[in-house]
Amino acid sequence: MIMGEWGAHQAEVITVHGIYRPRNTTDVVEKPAAHTIATMAPVRTHCAYCALQCAMTLTRAAATPNGSTSLQVSPLDFPTNRGGLCQKGWTAADLLDSPHRLTTPLVRNSRAEPFEPVSWDTALDVVVRGIRSIQSQHGDDAVAVFGGGGLTNEKAYQLGKFARTVLRTKNIDYNGRYCMSSAAAASNRAFGIDRGLPFPLPDLAQTGAVLVMGGNMAETMPPFMQHLAAVRARGGDVVVVDPRRTSTAEQATLHLQPRPGTDLALALGLLHVAFSDGHLDRPYLAERTRGFDEVWRIAAQWWPGRVERETGVPVADLQAAIRAIARGRSGRGAVILTARGVEQHSKGTDTVTALINLSLALGLPGRRHSGFGCVTGQGNGQGGREHGQKADQLPGYRRIDDPAAREHVAAVWGVDPADLPGPGPSAYELLDSLGTAGGPRALLVHGSNLVVSSPRGGRVSERLANLDLLVVCDPFLSETAAQADVVLPVTQWAEEDGTMTNLEGRVIRRRRATDPPEGVRSELDVLTDVAERLGHHGRFSAEPQMVFDELRRASAGGVADYAGITWERIDREGGVFWPCPSEDVPGTARLFADGFPTPDGRAAMVAVDHRPVVEDVDPEYPVYLTTGRNLQHYQSGTQTGRVPALAAALGEPYVEIHPDLAARHDLDDGVRVRVVSRRGAAVGRVRLVTSIRWDTVFMPFHWGGEQAVNQVTNPALDPVSRMPEFKVCAVRLEPVR
Ligand SMILES: Nc1nc2c(c(=O)[nH]1)N[C@H]1C(S)=C(S)[C@@H](COP(=O)(O)OP(=O)(O)OC[C@H]3O[C@@H](n4cnc5c(=O)[nH]c(N)nc54)[C@H](O)[C@@H]3O)O[C@H]1N2
Ligand SMILES: Nc1nc2c(c(=O)[nH]1)N[C@H]1C(S)=C(S)[C@@H](COP(=O)(O)OP(=O)(O)OC[C@H]3O[C@@H](n4cnc5c(=O)[nH]c(N)nc54)[C@H](O)[C@@H]3O)O[C@H]1N2
Ligand code: SF4
Ligand SMILES: [Mo]
């Protein structure tokens, strides 16, 4: 029932974009123009969190006696979520009226002092004076930028443009380096393109067999499970590979439980079995791929018995997995999917490569209801990696070291291509260089809580402490913001318009459903203002649709071509798949049917071999640690830790331990245990479970301080993707007395 003052507007959604244009004066305290959103009609949008981007409506409930109103979430039927939402989605509106919300800029003179609330003008003045003085003393690269895969396409694009043309720094990277980089690198070198899923998600439900390598969708994307359930309901197979018997593995027809960090050997073994059992697709290999012979030369050496010794997976299970995939393929189709479990390793790129090789040898990519895909993680994990916040990239998934790409993008930006910086270091390398001799002296953070989510977090905190200037834009006081000199409160999710690109490569609309709190500004507005103050007049827009139109031009002709996508079209069609080079053509829902976007149109099979984990167990650190996610919490926990229902469901980290291992350490269920590595320690509560290997413990990474498992993890990097080895290191366990 619609009541009260909102009733008059129930028929339509009226969104008035307040375009804030800073004046060239520093003595006026500016606020964003007053926004008027008068609506009772539900606003259609997508969830605040992960890459499934479940569709929902937000409806303002009737005003309570004290005048406050809250937004109500209702799921919508959309191809990814089919009317489902997880608990995080259901409670996402709590982020909007959270009492923890930052509503004023915070500044302090030294890190020893508490923050003082200040006006936007004062805060931005501190930022601009800091940037000027640091760059004049130490050069342009002395200011660094760290972005996030949760930012809208518009914000990610603007951030890259700001870094390259206003700051002129090469030092920009983002948290997607910790997330999608191994999958992206492997896909690019094999297929010439990196779109996580090369087909719409509902295609999955049509296939006959799915191999899930290192993904736990039952906790990380619960509505995704409908598509896997549909495969099983038709008699198909779901094979899950995970050192833990997760709730996803529970719903599989077959579960393989390897030792952490051995998936590359497993993938080579699967190819070996596929070959010896006669399942290779020879005509496909001959027509659509190159490089099989070198790939086979290595896989030939990974006979099943050797793979069993390396991985702990019985030969019979390897054979059963291949039988399931081959059966699926000869029926409706077969799909191989990877997620962070196999990607977040110092050999993540090669492991994904080996799995792509397996999929090509079986003839899956480009075939109906078949293929290979990587399950992208963050809300805009896909779009966030296409438009230029990555160290080596320009918009449209262009390479920053490609002269033609530089020329195209420089023309859109109105700058000289020679003035664009070159590629910079990757996320962890960038953070590890902060405040060191010759390293950056200032860091601007947009959309990441990097002290909690980076490997070897203790070292990252020390590096931040060495900076002359740390500026953090965040809706909340995250652990990273708490270390800053300047904190800028920015709009989030349902307070802004923009686009996101979901795990399928479908570009969708994030719609504004409510006013931001008084005092909060949009990040587009903040970047525009700082650019103006640094003398770049009229080159940046705070209006998301204008930014998107510029992004379209910058991406035109690139791999991730958005030129034909408009907001109106997204509204009309319910989302548009990239590449979409012109408004007259449909988006590309399915890739690879007629060839691969490589120079010769064939997929490249790259020969890769197994190698050990960087830090193996030894008598001093005898247990493997692996890390990941829990159903109710998201990432570093900045957001979900402040949602009451989620904090109540799980308020502290747990450590999953097999009873046999616990007995050897004298650990009972529910006691506190310290997980210690060569780099640091983290404390969690013991959960005795028989679902984990006896040589491995698992801890989620959603908490900071002494509960942060990233105090313990190993920053060893993949040589190609520069992905840290989040998923395996050596630890010892100490009871906390
Ligand atoms: N609830 C929740 N959902 C989320 C997120 C969240 O933080 N919370 N984050 C989102 C983001 S950004 C991402 S990237 C996705 C991640 O989604 P997933 O990849 O599904 O999540 P993880 O829990 O990191 O890892 C998946 C599984 O990998 C297993 N694993 C660990 N080591 C290995 C190994 O060596 N080999 C194999 N085969 N498996 C291994 C773990 O046991 C774990 O069950 O989730 C998204 N959705
Ligand atoms: N041990 C271990 N570590 C991991 C992983 C793992 O599996 N194990 N996974 C890695 C992966 S896959 C990922 S994706 C990273 C994620 O790690 P983080 O980058 O730390 O991710 P979040 O916690 O989502 O941080 C996003 C921050 O941005 C804020 N925010 C939300 N919206 C906006 C916005 O519009 N603008 C701005 N400026 N801020 C906003 C949020 O409040 C939050 O503080 O963690 C990585 N770290
Ligand atoms: S699965 Fe992801 S997108 Fe869907 S409701 Fe949960 S967090 Fe939101
Ligand atoms: Mo991620």
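In this predicted model, the side chain of Gln 389 reaches the backbone oxygen of Gly 384 at 3.2 Å. Gln 389 sits in the loop that runs between strand S15 (371–374) and strand S16 (393–394). Is this residue buried or exposed? With a relative accessibility of 0%, Gln 389 counts as buried, because the cut-off for buried is under 20% relative accessible area. Leaving aside residues up to four places away in sequence, the contacts of Gln 389 include Gly 147, Gly 148 and Gly 149, along with Leu 151, Ala 156 and Leu 159. Ile 172, Asp 173, Tyr 174 and Gly 384 are also among the residues that Gln 389 touches.

Another loop, between strand S23 (576–577) and strand S24 (603–604), holds Phe 592. Phe 592 is buried too, at a relative accessible area of 8%. Where the chain folds back, sequence and space can tell separate stories: Phe 592 and Pro 198 are 394 residues apart in sequence, yet their C-alpha atoms are 7.8 Å apart in space. Pro 198 is one of the residues that Phe 592 touches, and others include Phe 191, Ile 193, Arg 288 and Pro 365.

In soluble globular proteins, nonpolar side chains tend to be buried together. Here, the largest nonpolar core has 83 residues, and those with the most contacts inside it are Phe 191, Leu 211, Leu 358 and Ile 565. Which helix gives the most to this core? Helix H9 (residues 263–276) does, with nine residues. Domain 2 (121–179 + 381–512 + 541–577) and domain 3 (182–374) both contribute residues, so the core lies between them. A second, separate core has 45 residues, including Leu 85, Leu 228, Tyr 634 and Val 643.

Finally, the surroundings of ligand 1 can be described. There are 33 residues around ligand 1, and those that come nearest are Asp 242, Asp 263, Arg 629, His 633 and Gln 635. A backbone N or O atom of His 633 is 2.6 Å from a nitrogen atom of ligand 1. A polar backbone atom of Leu 631 lies 3.1 Å from a ligand nitrogen, and one of Arg 340 lies 3.0 Å from a ligand oxygen. How much of ligand 1 does the protein bury? Taken alone, ligand 1 exposes 910 Å², and the protein buries 99% of that.

Conventions:
Residues are numbered from 1 along each chain as its sequence is written. Chains are lettered from A and ligands numbered from 1 in the order in which they are written. This is a predicted model: local features need pLDDT of at least 70, side-chain atom pairs count only at pLDDT 80 or more; totals for chains, interfaces and linings use all residues. Side-chain values use heavy atoms; hydrogens and water are left out. A nonpolar core is a set of buried Ala, Val, Leu, Ile, Met, Phe, Trp, Tyr and Cys residues joined through side-chain atoms within 4.5 Å. Buried means under 20% relative accessible area, exposed over 50%, partly exposed in between (1.4 Å probe, protein chains only). Helices (H or I, at least four residues) and strands (E, at least two) are DSSP runs, numbered from the N terminus. Domain bounds come from an automatic or database domain assignment. A polar contact is a pair of N or O atoms within 3.5 Å; within protein, one must be able to donate a hydrogen and the other to accept it, and residues adjacent in sequence count only if both atoms are side-chain atoms. Contact means heavy atoms within 4.5 Å. A residue is near a molecule or strand if one of its heavy atoms lies within 4 Å of it. Accessible areas come from the Shrake-Rupley method with a 1.4 Å probe; for residues, only the protein chains shown count as cover.
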